[in-house]
2 protein chains.
Amino acid sequence: MPRDGSGGSSSSGTGANGGGDGAGGLRPMDAEQLRECGHRMVDFVADYYKSIETFPVLSQVQPGYLKKLLPDTAPSKPDTLEALFDDIREKIIPGVTHWQSPNYFAYYPCNSSTAGFLGEMLSAAFNIVGFSWITSPAATELEVIVLDWFAKMLKLPSQFLSTALGGGVIQGTASEAVLVVLLAARDRTLRRHGKTSFEKLVVYASDQTHSALQKACQIAGIFSENLRVLKADKNKNYAIAPQDVIAAISTDMSSGLIPFFICATVGTTSSSAVDPLTELGQIAKAHDMWLHIDAAYAGSACICPEYRHHLNGVEEADSFNMNAHKWFLTNFDCSLLWVKDRSYLIQSLSTNPEFLKNKFQASQANSVFDFKDWQIPLGRRFRSLKLWMVLRLYGVENLQSYIRKHIELAKHFEQLVISDSRFEVVTPRTFSLVCFRLLPLTSDQDNGRKLNYDLMDAANSSGNIFISHTVLSGKFVLRFAVGAPLTEEQHIFAAWKLLQDLATRVLGSS
Amino acid sequence: MPRDGSGGSSSSGTGANGGGDGAGGLRPMDAEQLRECGHRMVDFVADYYKSIETFPVLSQVQPGYLKKLLPDTAPSKPDTLEALFDDIREKIIPGVTHWQSPNYFAYYPCNSSTAGFLGEMLSAAFNIVGFSWITSPAATELEVIVLDWFAKMLKLPSQFLSTALGGGVIQGTASEAVLVVLLAARDRTLRRHGKTSFEKLVVYASDQTHSALQKACQIAGIFSENLRVLKADKNKNYAIAPQDVIAAISTDMSSGLIPFFICATVGTTSSSAVDPLTELGQIAKAHDMWLHIDAAYAGSACICPEYRHHLNGVEEADSFNMNAHKWFLTNFDCSLLWVKDRSYLIQSLSTNPEFLKNKFQASQANSVFDFKDWQIPLGRRFRSLKLWMVLRLYGVENLQSYIRKHIELAKHFEQLVISDSRFEVVTPRTFSLVCFRLLPLTSDQDNGRKLNYDLMDAANSSGNIFISHTVLSGKFVLRFAVGAPLTEEQHIFAAWKLLQDLATRVLGSS
């Protein structure tokens with residue numbers, strides 16, 4: 001079929017059904033049809049990015065909107081690609097919240113990039129299931145190599161490299177990363193203390209730790225009363241206080257409980273606080289506990305020499321995690337986990353059924369890794385491709401500049417907030433997140449909660465920007481996280497102008 | 001940048017770095033650059049599919065091959081897309097096992113298709129993280145709608161629909177599906193019996209059940225001695241015998257244990273056996289246990305009326321799972337899970353941190369689903385797009401023909417095996433998997449293990465086909481699973497001719 005160069009529209013009406021209505025049956029993977037349809041989709045996607053600023057950043061639809069637009073049952077006959085594109089434009093896109101918009105400042109970023117997108121395409125094309133080395137050696141080997149590269153970029157201790165007893169692996173999310181190391185630590189402890197010690201196992205973290213830890217504990221069967229959520233130190237910008245951890249461990253041990261796991265964070269979700277890794281590492285070592293470091297967001301910044309000091313102490317950790325899909329231009333999902341001793345992961349997560357046995361397998365030779373034994377699921381995508389392509393097509397120096405640029409933009413925003421006396425910066429900025437709020441009027445009953453909620457809601461309802469919130473020491477705080485790939489200086493200024501105007505309005509009506 | 005229509009090669013040497021070497025910084029998501037590079041990748045992928053039969057199906061590289069070809073550290077400067085394509089051709093593809101080859105017959109299939117590929121592209125382009133409804137309403141709503149469509153295609157009882165108390169959700173894999181329902185069932189039981197009953201919880205399945213169940217038990221903290229792996233009934237084609245389950249439950253209850261979970265399979269991994277759902281459902285109901293049905297592979301066949309009877313009894317189940325990424329043309333990963341009562345999932349898997357609270361959230365209104373509470377991770381991709389596109393672009397009738405064609409091809413292969421007296425079909429074929437082996441010579445010491453291993457190894461080492469194996473009643477059995485999208489009659493005949501020729505060779509040398 002000839003290639004249609006008209007940029008996203010086609011009058012041929014050819015679908016992807018490959019003449020599937022005839023007796024010859026469906027040909028769902030015809031190379032020339034893939035080529036034609038693929039080119040049309042590339043144009044559709046490029047046009048989407050070109051016009052991304054015309055959409056409300058936060059989708060403005062109401063619950064149930066799509067049910068009214070789609071039929072109740074699947075179609076029995078095929079439709080054309082053109083009809084599908086129409087539906088995407090008219091029905092799907094209004095319900096999309098545009099994480100790639102330059103005006104997206106909510107939660108933390110989730111970066112797409114040309115290199116990452118190309119990597120996703122290639123991975124979807126091979127469509128392999130890389131559970132064992134043999135099912136696509138390149139998938140396992142590229143992952144090992146690229147995670148070693150990345151460990152060196154972060155200057156992780158050499159024990160985290162695959163050439164030592166450790167190694168890196170791509171998980172889907174930071175939630176899965178903390179779960180698998182929690183399981184490894186749980187089982188290591190149970191082997192020492194007997195498995196009926198289950199109800200005595202205790203986990204330590206701060207109240208700023210991501211909810212993924214709580215969820216991991218629920219899944220792993222850690223008793224809910226044995227998750228010690230210690231109040232973070234307001235005077236240390238919401239980092240955990242080591243003496244509080246020591247005190248809690250001491251109390252628990254005197255009650256006959258078994259402390260086994262500490263989760264530290266570099267760049268908490270609420271305010272990008274950095275826990276004191278070295279002290280926590282010493283505590284973990286003294287009590288034979290597992291120390292995990294969650295640097296899901298801020299890990300990316302640590303490839304820059306001037307931010308690397310935030311990882312000082314990682315040498316004491318048992319595991320370390322950062323999300324390349326957040327602020328590192330690698331499309332979601334791509335969460336990087338390194339462990340110092342891979343055998344603990346494998347002991348907790350391996351199974352070896354007959355139907356997967358082969359002459360190249362991890363349990364038979366030390367020459368290969370079977371990543372199925374390092375993760376929750378059996379199947380896994382070829383995710384190392386996109387990370388490799390990001391590193392190859394951009395290079396480390398450009399990636400460092402990319403991070404620095406966002407931090408500079410966040411600094412500008414912070415300065416703008418400081419320059420308007422109606423606002424306050426709630427915690428000092430460390431990376432590219434600014435935590436701020438509109439100061440409540442003296443007569444305010446709820447310490448500015450409604451005021452700031454209204455400001456956020458007005459901003460998000462305008463469609464012009466998307467920001468999110470948290471609560472710190474009872475204050476309702478607005479979060480402005482810079483990090484979308486398309487964000488430039490003018491977007492920061494426009495966002496600030498909008499927030500100033502809306503502040504005037506909400507202050508006026510309060 | 002002008003579009004290059006020359007079909008995969010470009011002399012411009014433009015990378016995806018967007019002039020990132022200048023002081024202006026990296027522009028990693030420029031729409032026109034995405035367009036140009038995207039078109040080149042489409043051509044690369046189409047050319048790959050065009051030439052897919054020229055590659056060895058099973059990669060023939062040796063462990064460590066890639067480390068010798070790539071540098072030890074990440075590049076500091078960007079490289080061109082052309083250089084990257086060269087590396088993919090020369091270094092990556094030799095290490096790929098070609099799951100999309102028409103000569104791929106190993107394990108179970110993992111389908112790619114034009115529609116699925118386009119869905120992956122669009123999902124990677126939006127690159128949203130759909131943990132809550134608000135983070136992209138279309139992602140949640142399309143998933144709800146398409147899973148309801150699919151439930152109707154499978155004629156699942158109406159309780160499994162989102163409009164009742166149940167609903168469907170896309171998991172990554174069948175492993176995650178069985179894990180989340182095991183957790184839901186575990187916690188439901190612990191709420192009734194007290195959480196210190198942990199060590200008394202017992203799970204039942206056959207020795208043909210996928211290893212994912214064992215792994216889920218390890219993760220959920222079910223004691224290993226409490227996983228009852230009952231020997232499947234050879235006379236029922238390796239289905240579980242209900243009376244064995246009843247006996248085991250009775251023994252366990254008299255020991256004070258708490259039976260709480262049965263995992264049934266429709267289409268086991270070794271031999272596509274079908275467990276008796278109705279009887280297992282009655283047993284589960286009588287003892288207030290959770291019944292999960294794993295139809296990861298064979299579920300696709302059940303959209304055809306003539307195969308739907310294999311799901312009879314599903315009305316007794318609490319949860320049902322099938323993988324659209326196996327035999328349903330939806331690129332990996334896309335595992336569909338339905339539950340009869342979603343509240344159990346949500347009770348086990350929800351967390352509600354401040355930074356994710358919003359005015360449209362599941363815990364505040366019943367009008368939306370927040371799928372973060374139905375799965376292990378927090379983040380999730382927009383996976384419903386690709387399933388929707390497969391259904392729209394092919395239509396249910398074509399998809400039924402697609403399944404029927406593969407089953408016909410498997411029937412042909414089975415007939416070919418029967419026609420050669422040196423071979424035997426080990427279990428009757430039910431769907432598109434044929435279990436067979438070369439009959440051992442009378443003097444054979446190991447009942448044909450070495451003979452069949454050698455046959456498989458010779459076939460896979462030839463690069464012409466890829467098959468896998470299992471063990472049934474001590475017999476080493478070869479598995480020939482038809483289901484790759486490109487497989488046609490001529491591939492079946494060629495595979496059989498190869499196996500016959502190699503049989504002559506291995507029989508001659510044994």
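User: Does B:Lys372 count as buried or exposed, and at what relative accessibility?

Analyst: The general idea is a cut-off on relative accessible area: buried means under 20%, exposed over 50% and partly exposed in between, with a 1.4 Å probe and protein chains only. B:Lys372 counts as buried because its relative accessibility is 5%. This is a predicted model, in which local features need pLDDT of at least 70 and side-chain atom pairs count only at pLDDT 80 or more, whereas totals for chains, interfaces and linings use all residues. Residues are numbered from 1 along each chain as its sequence is written, chains are lettered from A and ligands numbered from 1 in the order in which they are written, and side-chain values use heavy atoms, with hydrogens and water left out.

User: Where is the place of B:Lys372 in chain B, and with which residues is it in contact?

Analyst: Helices (H or I, at least four residues) and strands (E, at least two) are DSSP runs numbered from the N terminus, and contact means heavy atoms within 4.5 Å. B:Lys372 sits in the loop between helix H10 (342-349) and helix H11 (384-418) of chain B. Leaving aside neighbours within four places in sequence, its contacts include B:Phe131, B:Leu349, B:Pro377 and B:Arg380, and also A:Lys215 from chain A.

User: How much area do chain A and chain B bury between them?

Analyst: The size of an interface is often given as the accessible area lost when the parts come together; here that loss is taken with a 1.4 Å probe and summed over both parts. Chain A and chain B bury about 14,800 Å², with 64% of it on carbon and sulfur atoms. On the side of chain A, the residues that lose the most area to chain B are A:Met29, A:Phe355 and A:Arg392, which together make up 5% of what that side buries. Each chain brings 167 residues to the contact.

User: How far apart are the end C-alpha atoms of helix H11 (residues 384-418) of chain A, and where is its kink centred?

Analyst: One compares the end-to-end distance with an expected span, 1.5 Å times one less than the number of residues, and then looks for a bend, the angle between axes fitted to the seven residues ending at a position and the seven starting there. The end C-alpha atoms of H11(A), a helix of 35 residues, are only 42 Å apart, short of the 51 Å that a straight helix would reach. The kink is about 90° and centred on A:Gly395. H11(A) is also mostly covered, with 26 of its 35 residues buried.

User: Why is helix H6 (residues 211-220) of chain B described as largely enclosed?

Analyst: Eight of its 10 residues are buried, so the rest of the structure largely encloses the helix. Among these buried residues are B:Leu213, B:Lys215, B:Cys217 and B:Ile219. After H6(B) comes B:Gly221, with a positive phi near 80°.

User: What is phi of B:Tyr107, and which peptide bond of chain A is cis?

Analyst: Backbone angles are read residue by residue. B:Tyr107 has phi near 40°, a positive value in a residue other than glycine, and this residue is buried at 10% relative accessible area. B:Lys155 also has a positive phi, of about 50°, but is exposed at 58%. In chain A the bond from A:Phe332 to A:Asp333 is cis, with omega near 5°; A:Asp333 lies in the loop between helix H9 (324-327) and strand S7 (335-339). In chain B the bond from B:Phe332 to B:Asp333 is cis, with omega near 5°.

Notes
Buried area = accessible area lost by both parts, 1.4 Å probe.
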